[in-house]
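Dear colleague,

Please find the structure below, handed over for your reference.

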Amino acid sequence: MPELPEVETVARGLRLTVLGRRILSVTLRKTDFIDDPSLIERHLPGRRIEAVERYGKFMLLRLSAAQGEENSANGDNAPSALLVHLGMTGHIASTAIAEPWEKHTHASFALDDGRELRYTDARRFGRLAYLSAALLPAELEGFGADPLEVTAEEFATRIRSRHSRIKALLLDQTVLRGVGNIYADESLWRAKIHPAKLGARIDKKQAAVLHRALQDILKKAIVMRGSSISNFVDGEGRPGEYQHHHRAYGREGEKCYRCRTIIRRAIVAGRSSYFCPKCQIGPRGFLAMSSTPTKSRKLAAPDRKKTTKSSGKRPKRAARNRLKTK
């Protein structure tokens, strides 16, 4: 699932292409991922896109009041927003209206410049929702601080006041909004903190180091258009590049870039967590999963193929497009 850097990348692309454009019409196909499709069809036409904001892992397309109805008594035509969540396979971008619709395009918004803002989502785990000015505050209530804006002092307070695992705290959207599995593992590796360590056991100095590491990594990932682990691309169809700079995430069995110890994997907060057992000392009694060095796995592959061929059995086809993270 796209995390803060990926969502910020998409939001920046939309600011360049749809900001200030007026929505002329709405076309919806499959709508099982849309909160009340009739609200979108009824309220979006005629409104101008006045801002594109990232809020955690969500995007908010801020909409103007409908033309000629700014003073509506019931408030339905007051400034509002379209909430967009990309889920696992969602993609939103503007394209020329003459371009054929891609497969799995489920929503299209015709704009006043001859283009369309199209939302595609193969698995439909994303979300679209029209939020009136009255409903928007309730939708955003309960989210934590933005990790790029939170101060070191507030970050330390949010982390050190809880007895949950630090990995769980980083993923908890009521603590920090926008951080996911990738950047939690990367920042913990940078700060030399084990993902299973309790937040209350992290001292002020460690919290400051983690705060700085998290912000540095997120900012660098944004510059590099995020991480393309499976099928993420920006608004122009380009994959991100930060996956080439991962130091922990997805590197089980490979050597740590700092100390050359083999990277291990464990389940923390219900998620696979990658860490260096030497650089990131785990809590007493914590057990990681067994790990096989990358070279050993590669060397073993020819033997398995040979055995399969000699037995006359056809190997099963591997599942494709299997995502590692939300």
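Five strands, in the order S2-S9-S5-S4-S3, make up an open sheet with mixed pairing. Helices (H or I, at least four residues) and strands (E, at least two) are DSSP runs, numbered from the N terminus, and two strands pair if DSSP finds at least two bridges between them. The model is predicted: local features need pLDDT of at least 70 and side-chain atom pairs count only at pLDDT 80 or more, while totals for chains, interfaces and linings use all residues. Residues are numbered from 1 along each chain as its sequence is written, and side-chain values use heavy atoms, with hydrogens and water left out.

At the edges of this sheet are strand S2 (34-35) and strand S3 (49-55), each of which pairs on one side only. Within it, strand S5 (residues 80-85) pairs with strand S9 (residues 127-131) in the antiparallel sense over 5 bridges; Ala-81 has Leu-131 of S9 as its bridge partner.

Another open sheet has 4 strands in the order S1-S7-S8-S6, with antiparallel pairing. Strand S1 (23-28) and S6 each have a single partner strand, so one side of each is left without a neighbour in the sheet. From one strand to the next, the twist averages 20 degrees. S6 and strand S8 (residues 115-121) are joined in the antiparallel sense over 7 bridges: Gly-90 is partnered with Asp-121 of S8, and Ala-96 with Arg-115 of S8. In strand S6 (residues 90-96), 5 of 7 residues are buried, that is, under 20% relative accessible area with a 1.4 Å probe, protein chains only.

**The helices**

Helix H1 (residues 4-17) lies across S3 and strand S4 (58-63), running at about 170 degrees to S3. Angles run from 0 to 180 degrees between N-to-C directions, and axes are lines fitted to C-alpha atoms, for helices over the stretch in contact. The buried residues of H1 include Leu-4, Val-7, Val-10 and Leu-14. Its buried residues pack against S3, S4, S6, S8, helix H6 (181-191) and H7, where contact means heavy atoms within 4.5 Å.

The axes of helix H4 (residues 152-160) and helix H7 (residues 204-223) come within 9 Å and cross at roughly 115 degrees. Among the residues making this contact are Phe-155 and Arg-160 of H4, together with Leu-210 and His-211 of H7.

Notes
Buried < 20%, exposed > 50% of the residue type's maximum accessible area, 1.4 Å probe, protein only.
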